[in-house]
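Please consult the sequence and the model while reading.

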Amino acid sequence: MSVAHEVDEEHEVHVHQEPTQFIWKYVFSTDHKVIGKQYYMLAVVAVVIGLTLSLMFRWHLATYDPQHMFLSPDTYLQVLTMHGTILVFMVLTTAPLGGFGNYFLPIQIGAVDMAFPRLNMLSFWLTLLSFITLLAAFFVPGGAPVSGWTGYPPLSAINSTTEGMGWGQTLWVGSIAIFCLASLVGAINFIVTTLDLRARGMTLLRMPLPCWAWFVTAVLALLSFAVLFAGGLLLILDRHLGTSFYIPAGVIFGAKELNHKGGSPLLYQHLFWFFGHPEVYIAILPGMGIVSHILATFSRKPIFGYKAMVYAIIAIGGIGFFVWGHHMFQSGMSPYVAVAFSLLTMTIGVPSAIKTFNWLGTLWMGNITCNSAMLFALGFVSLFVSGGISGIFLGQNAVDIYFHDTYFVVAHFHLIMGVAAMFSIAAGTYFWFPKMYGRFMNESLGKVHFWLTFVGVYSVFIPMHLMGLWGHPRRYSGMENAFLSNPFIPAMHNMVTAAAFVAVLAQLIFICNFFYSMFKGPVAPENPWNCTSLEWITTSPPKFDNFGGVEPVVNHDPYEYSVPGASKDYIMQTDPPEAAPAHAVGHD
Amino acid sequence: MSEATIQPTEHAAAPAPAAGHGHAPAPTGDVWGGGVRPYGAHSKKFGMWLFIVSDSITFAALLFAYSFVRMANLEWPTPFHAASILKSTTMTFVLLSSSLTMVLAVDRANKKQRDKASFWIMMTALGGLAFVVLHSWEWIELIHEWVQPAKAANGGVLPMMWGTFFAATGMHMLHVTAGVFYLVGLALQYKGGKFKPIDVEVAGLYWHFVDLVWMFVFPLIYLMSTKIE
Amino acid sequence: MQPLLMVVALFALVLGTVVPFIVRAHNMMPNLISVHGKVIDDQIVLTMYITGVIFSLAQIALAWMIWKYQSKGQKATYVHGNALVEWASIFGSGVLFVGLNLMGQGVWADMHLKDEPKGSTEIEVNGQQYKWYYRYPGNDGKFGERSPSLVDDTSQNYLGVDFENDKYAKDDVVEGTLRVPYGRDIVVLIRSRDVIHSFFVRELRVKQDAVPGLEIKIPFKIDHDGMLMFKLAGVAASTLDAKDDSGVNAVKAQFEEHGIAVDTSKAKIKVIETPKKRWELSTVEVSHYDAKKEWTVRYSIEEEIGELKVYKTTYESPCAELCGNGHYTMRGEMEVLSPEEYDAWAKKASEDAKSYH
Ligand code: HEM
Ligand SMILES: [Cu+2]
Ligand SMILES: [Cu+2]
C-alpha cells in the first residue's frame, strides 16, 4: 500500500549513538536527562543568587537607620527587582518544568527522549543566555533596574524617571524576551512529547499527575509568553525608538513636558498580567503534580480522585487565562471589568479547593511514611492552604482596595508561589535524587532542612500578613515616615529578618547534602520507594536511552497502591495485567 | 522491535510504528496502543502548528496594541499615498506568489522529486527576498520622507503612527527574513538528499503563516492609513 | 517523631494565626474614619472568620491524617476517590467564594459605579515624583484650566494651572496638605504627571492608582459620629509641650471637658516625648488597665478608651505604587476639619490665592 510506504519512509530512523566526548555528552547534549540536570543546576545557581539578594534587603530593613542605610534607596530597589525577576523566571519557571519536567516527562510516559532533542538543547541555552543577560544588568552603567519584577511603565519606559533606569532596564527586557523564546521552544517540545510519544498503553488518563501538570503548564507557557514577548517588544520600542505605546501625552520629567503622546500605561499592565497570572500557575502546577505523586507513594494509596485532579489542573490552567485583571483592580481599569474579573477569580478557588480535598483524601486511611520527600510534600499542602486563603481576600475587588500593594500581597504570593513551589522542588529532589544520581540523599540532613525551612518560612510570612493589615506598603526601602516608625513595624521587620536568615541559611544544608550525596550517598536500587511509575522500572540513573532497549508497555493506572489481593503493596504501571486481581482493576 | 526504534531521534515518533502499519502488533482490548499520533499529524508538523498558535498570539497582541493606541488617538495620520500603496500592493503580490511556489514545492517533494522540490523552495525564498528588499527600500523612503521631518519637529520622538508601523511591519519582516534563511538552508540540503518531504511541508506551513500574517498587517496598517486626496 | 512534630507545628500554626487574626479581627487595621470603609471592614472581618475556619480545619485535618495514619505497618485502604466529595467541594467552595464576593460588590458599586452625590466637594490629588499636591477649586467652585506646558517647578506651578489667563484658575488653591471636612461628600480626582503613583489613606480604606493620562474619581465621606472626638485629640496634643504632668493633666482636662471621666486607676496617660508637629500624637501613650489584662497603645490615642474612640486629625497618605527611588519618602498628609473650619479655611485660602495671582 503506497500510503503506508510513504509514512514509513518518513519515520525512517536516524540512530543516535550516545556521544562519548565530554562536550557532547555533558555540555551540548541533546539527552533530555542531561538537559534536565542543566536546567536544575541553573536554578540552583539562580536560587543562591536570588536568596542572597533577599538577605541583603532583609538586613537593610532590620537595621534601618536613615543616617546609615545598609543599601541606598536605589540599590535597595535594584536588589529587590533582581530578586523577584531571578526567582520567578530563573528558578520557579525553570526548575520544576525545565528541570524535573525534562528529566522525568519522557521517562514517565515511556519515551526515549523529548520529541525535538535539539530544540530542547536550544531552549536550555537560550535560558542560560537570558539568565546571563539578566545578571549583566548589575554591571552596566546605572546598574540594575529599579522598577520591580513587574516593570510597569512609564517608570520602566523612560530612562530619566529615576536613577538606575538606563541599560539595566533594557537588559532586563531583553532577558525576558529571550526567556520567552526559550519557553516557547520548550513548551512546544513538552506538548508534542506528551501527545505523541507515549508508550504503548499509556493513555492520557494513565499518565502520572506530574505529566499532566507539565503538559498543562506547557500549554500555559505556549500561550502566555507570546503575549509577554509582544509587551516586552513594545517596551523596548518605547525605550529606544521613542515610540509611545505606554506613555500618554503630558508626562513631565525634569520639569519638562515629554514629547510622547497617545499611549497608555494600562496597556502594558494588561499585556503583562495576561502573561503574569498564567505564569504564577506555571510556577505552581508542576509542584502540584509532583506533590500528588509523592503523597500517593508515601501514603501507599491511589491518589484520591485522580480524574478530579486532572480536571482541576485543566480548569486552573483554563480559568487562569481570564483572571489577570485581579492584579489591576486599583489600576484605573474600568470598574465594571473589575467586577467580572473578581467573580472569575473566585471561581479559580474551586479547583484549588478540590486539589486540597483530594490531597487530604489521599492521606486518609493511608500508611504514611514521613521521610524528607514526604515532609516537603506535606509542607506544600499546608503552605498551599495558607497562601490560598489570602487569595480569597485579594480576589474580592472591594477588599483588595485595602490590601493591594501592601505586605499582605507579598505574604500571599510568597507563601503560595515562592515557598510552596520551592517545597515542591525540594520534595521532588529528595524523591528523584536516587533516580537521577543513583544515590540517596542524607535523610537526617533532609529532615533538619525541612524543619528549619518550614518553621522559618512561616515565621517570615505570617507576620507579613499582619504588616499588610497594618497598612505597610510594599517596595518601601525606608521607614522615615511617622506611621512606619511606630515601634511595631521595626520589631516586625527584625523578627522577619531573623526568620528569613534561618530559612535561607537552611538551604545551605540542602545544597551541601545535594553535592555530598552525589558522590558519597548510599547507592540506590532501581525502585527504592516502591513507586509505580515508569521511571522506577529502569536503572538508577537511567541509561542513555532510558529503558535499556526495552519498550515499556503500560497495563495499569498510575497509582495502584495497596490493591487488595495483589502480591505486593504496589503494582507497577508496566506489570502484566494479571498483577492486579480482576475485581480491583479499572474502577474509579 | 528493531534496535533502532528505541533510539532517540530527531524524528519525534521514532518508536512504535503506529497501529495500522501492518507490522506493529495490534493493540489489545481497550488498552490504547501507544505511539499513535493524535490528529494524524507528524510531530514536526504538530510542533510547527503550536509555534504558529503561539506566534499568532504575539502578532495578535501587537495588533491589539496598535488598535488600542489608534483608538485612543483621534487624529491618526494617514500618510500612505498612491506610490506607497502601489509598492505595498506589489509586495503583497510577491508574497502571495511565493506561497504558490511553496505549494508547488510541497507537491514535488511529496512526489519524491527532490530537484524540483528544491527548485521551488528556492523560488519561494527568492520571493521572500524580493519582499524584504522591496520592504526595506520602502522603509528607507518612508524614513526620509516622513519620519525624519517628524522627528526633527518633535524633539526626536517617533510619532505613534510610525511606532506601530515599524513595530508591526518590522516584526513581520523579521519573520520573512528568518524564513528566507530557513528555506535556502532547506533547499540546499534537500537537494543533497537530506530531510524528508515532511520537512518541506513543515517549512510550507511556516511560510503560509507568515503570508497570512501579512494579510492582516497590510490592511490594518497600510490600507487603513491611506491618504485620500 | 516526625508525625508528632508535624502535629505540633500545624497546631502552633493554627494558634499562632487564629489568635491574632481572628480573635482580634476587629482591631487589626488602623482606625476607620470613612463611611464606606465600614462595609469593607465588615467584609474583611467576615472573610477572616470564614477563611479562618477553612484554614484551621484544613491544617488540623492535615495534622490529623498525618498522626492517625502514620505508618505502623498497617495496610492502606484501597480507595480511588468519592464522587460525592468532589461535587460537594465544587459546590461548597463555589457557592461560598462567589457568594462572599457578591457581598462585596455593593460597596464597590458605591465607590466606582455610581455618580458622585450632588454637591460633593471636589479636590484634585496630584502625584509626582515624590510628592503629592492637592488643588481646591476655590470660592468660585470651579477648577481652572491646566496644561502640561505650563508646568514650572521654579515658580511652584507644579500642576501647570493657567493662573494667567483663566479666570476660574485664579482663585484655585494648590497645597501640599489634603484638607477635608468630615460629614460631607468628597470626591478626589486622582492624577499623576509622571509615573504611576497610588493614593492611599489607610484610615479611609481608599486606594487608587494615580495614572498619567487619566483622571480617576473616588468618592468618600468621613464619618461624622466617628469624628466626633477628633478635635479632642488634636487640641490635647497641641497643648502637650512639656514632659511633666501638666501635659497629662491637660489631656485629662480635655477628656473631662467633653464629658469623659478619665479614671486614672484604670487609664493612664503618659507623655513620652514632645510632639514634633502640632497635630502629631505619636508621642502620647495611653495605658489602659483592666483587671485581667493590661495593654498599652504607644502610637496614638486612637484606641478605645472606655466607650469612646479618640481620633487624631492628621492622617498619612503613603504612595502605594512603586514610583522610583524615592517611593518610600512619598507621603502626603490628610487633615480632617469640621465643615465650619473647612469652609473658613477654604474661603481664606482662596482669597489669598486670588490676591497672589
Ligand atoms: C485561591 C486562589 C488565588 C486567588 C483568589 C488569588 C488572588 C490574587 C489576587 C487578587 C492578587 C492581586 C493582589 C494585589 O496585587 O492586590 C494576587 C496576587 C498574586 N498572586 Fe494570587 N491568588 C490565588 C492563588 C495564587 C497562586 C496559586 C499563585 C502562585 C502560584 C499566586 C501568585 C500570586 C502572585 C505572584 C501575586 C502578586 C503579583 C505581584 O503583584 O507582584 N496566587 N493573587
Ligand atoms: Cu493572579
Ligand atoms: Cu509615588
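**Helix packing and a copper site**

Q: At roughly what angle do the axes of helix α12 (residues 372-394) and helix α14 (residues 407-437) of chain A cross?
A: Helices here are DSSP runs (H or I, at least four residues), numbered from the N terminus. Axes are lines fitted to C-alpha atoms over the stretch in contact, with angles from 0 to 180 degrees between N-to-C directions. The axes of α12 and α14 of chain A come within 8 Å and cross at roughly 160°.

Q: Are α12(A) and α14(A) roughly parallel or roughly antiparallel to each other?
A: Angles under 35 degrees count as roughly parallel, over 145 as roughly antiparallel, 65 to 115 as roughly perpendicular and the rest as oblique. The axes cross at roughly 160°. The two helices are therefore roughly antiparallel.

Q: Which residues coordinate the copper ion (ligand 2)?
A: Donors are N, O and S atoms within 2.8 Å of the metal (3.2 Å for Na, K and Ca); water is not among the atoms, so sites may look incomplete. At 1.9 to 2.1 Å, the coordinating residues are A:His277 (ND1), A:His326 (NE2) and A:His327 (NE2).

Q: How many residues apart in sequence are the parts that A:His277 and A:His327 tie together?
A: A:His277 lies in helix α9 (residues 265-299) of chain A. A:His327 lies in the loop between α10 (306-319) and α11 (335-363) of chain A, so the pair ties together parts whose separation in sequence is 50 residues.

Q: What ipTM does the predictor give the complex?
A: This is a predicted model, in which local features need pLDDT of at least 70 and side-chain atom pairs count only at pLDDT 80 or more, while totals for chains, interfaces and linings use all residues; pLDDT is the predictor's confidence in each residue, from 0 to 100. Residues are numbered from 1 along each chain as its sequence is written, chains are lettered from A and ligands numbered from 1 in the order in which they are written, and side-chain values use heavy atoms, leaving out hydrogens and water. Alongside a pTM of 0.88, the complex has an ipTM of 0.91.
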